Amino acid sequence: MKSDFSLLPLSDEGEVLKTVLSLSEKLYGQRANFQVLSPRHAGTLGVTNLNTRLRELINPSQHGLNEVTLGGETLREGDRVIVCKNDYKLGVFNGDVAKVNFIDKNAKELELKIHGPPVVMVRIPLPKARNLLRLAYAVTVHRMQGLEYDVVVMPLVEGFAHQLQRNLFYTAITRAKKKVLLVGTHRAMERAVNNNREDARNTLFEARLRA
């Protein structure tokens with residue numbers, strides 16, 4: 001697509017999913033610098049399901065690829081992952097995007113290739129990897145704050161409900177340096193653009209200050 005901002009109009013979530021997968025497979029084949037985003041974890045178009053389906057396309061299980069199950073998540077050599085906590089001793093930080101370069105089951109550790117610049121290789125004990133790493137074929141918009149990619153692909157459907165917010169939508173599309181590919185409905189996009197309400201965070205911060 002020639003436009004730097006496109007909305008592919010689809011309303012059925014199953015069809016939206018198929019299209020997101022098809023676009024991702026094409027971009028991966030072109031070795032494009034892209035990222036799939038979603039505003040939520042759950043559901044057909046949430047990050048959890050997108051990661052499962054995208055890995056089936058991009059890095060399927062095959063002979064010769066080591067994998068390990070940590071908690072409820074399986075990591076495989078070649079997987080795209082994101083660091084979700086800082087660990088200063090290991091030298092990995094929240095938001096680092098990396099590739100699982102090697103899994104050493106005997107040493108009970110894995111090697112990460114953290115995308116640069118500069119590119120850094122880090123060894124992480126498997127017990128620590130369980131809490132540090134998440135699959136990142138798709139990530140939440142919130143998790144992607146501060147990072148940029150040439151192309152962003154994102155489903156945008158009315159089923160996202162209250163997550164259709166202007167600030168979230170703005171954050172998502174500004175992660176793209178060259179092209180935004182939305183898959184969904186004009187109505188969902190209009191709702192996101194027109195909704196400038198932010199969810200209140202009940203931190204009790206004011207009450208604690210007063211106390």
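Modeller: The discussion below takes the sheets, then the charged side chains, of this predicted model.

Colleague: How many bridges join strand 6 to strand 7?

Modeller: Strand 6 (residues 97–104) and strand 7 (residues 109–114) run antiparallel and are joined by six bridges. Within this pairing, lysine 113 in strand 7 is the residue opposite lysine 99.

Colleague: What should I keep in mind about side chains along such strands?

Modeller: In a regular strand, side chains alternate between the two faces of the sheet.

Colleague: Which strands make up the open sheet with parallel pairing?

Modeller: That sheet also has its order to follow: five strands, arranged 1-12-11-2-10, pair in parallel. Strand 1 (5–9) and strand 10 (138–140) are its edge strands, and each pairs on one side only. The twist in this sheet averages 25° from one strand to the next. As one example of the pairing, strand 2 (residues 34–38) is joined to strand 10 in the parallel sense over three bridges; leucine 37 stands opposite valine 139 in strand 10.

Colleague: Which strands does helix 5 lie across?

Modeller: Helix 5 (residues 186–194) lies across strand 1, strand 11 and strand 12, and its direction is at about 130° to strand 1.

Colleague: I would also like to read a hairpin. Which residue takes a positive phi in the hairpin of strand 3 and strand 4?

Modeller: Glycine 71 does, with a phi near 65°, in a hairpin that has two residues between its strands. Strand 3 (residues 67–70) and strand 4 (residues 73–76) run antiparallel, joined by four bridges. Leucine 70 stands opposite glutamate 73 in strand 4.

Colleague: Let us turn to charge. How many salt bridges does a search of the whole structure find?

Modeller: Side chains of opposite charge can pair when their charged atoms come close. In this model the search finds 10 salt bridges.

Colleague: Which side chain meets arginine 123 in a salt bridge of 3.8 Å?

Modeller: That partner is aspartate 104, with the 3.8 Å taken from N to O. Arginine 123 belongs to strand 8 and aspartate 104 to strand 6, so the pair ties together parts 19 residues apart in sequence. Arginine 123 is partly exposed, at a relative accessible area of 36%, whereas aspartate 104 is buried, at 18%.

Arginine 123 forms a salt bridge with glutamate 109 as well, where the closest N and O atoms are 2.7 Å apart. Because arginine 123 lies in strand 8 and glutamate 109 in strand 7, this pair ties together parts that are 14 residues apart in sequence. Glutamate 109 is partly exposed, with a relative accessible area of 22%.

Colleague: What else does arginine 123 touch?

Modeller: Leaving aside residues up to four places away in sequence, arginine 123 touches Leu90, Phe102, Asp104, Glu109, Leu110 and Glu111.

Colleague: Where does lysine 177 lie, and where its partner aspartate 150?

Modeller: The side chains of lysine 177 and aspartate 150 meet in a salt bridge of 3.9 Å, N to O. Lysine 177 lies in strand 12 (residues 176–184) and aspartate 150 in strand 11 (residues 149–156), so the pair ties together parts 27 residues apart in sequence. Lysine 177 counts as exposed at 51% relative accessibility, while aspartate 150 is buried, with a relative accessible area of 18%. Elsewhere, salt bridges that share partners join Asp104, Glu109, Glu111 and Arg123 into one network.

Colleague: Finally, is arginine 80 buried or exposed?

Modeller: Arginine 80, found in strand 5 (residues 80–83), is buried yet has no salt bridge. The nearest side chain of opposite charge, aspartate 79, is 9.9 Å away, and a salt bridge requires the nitrogen and oxygen to be within 4 Å. The side chain of arginine 80 does make a polar contact of 3.0 Å with that of tyrosine 149. Beyond four places in sequence, arginine 80 touches residues including Phe34, His115 and Arg134.

Notes. Residues are numbered from 1 along each chain as its sequence is written. This is a predicted model: local features need pLDDT of at least 70, side-chain atom pairs count only at pLDDT 80 or more; totals for chains, interfaces and linings use all residues. Side-chain values use heavy atoms; hydrogens and water are left out. Two strands pair if DSSP finds at least two bridges between them. Buried means under 20% relative accessible area, exposed over 50%, partly exposed in between (1.4 Å probe, protein chains only). Lys and Arg count as positive and Asp and Glu as negative; His and the chain ends are not counted. A polar contact is a pair of N or O atoms within 3.5 Å; within protein, one must be able to donate a hydrogen and the other to accept it, and residues adjacent in sequence count only if both atoms are side-chain atoms. Contact means heavy atoms within 4.5 Å. Axes are lines fitted to C-alpha atoms, for helices over the stretch in contact, and angles run from 0 to 180 degrees between N-to-C directions.
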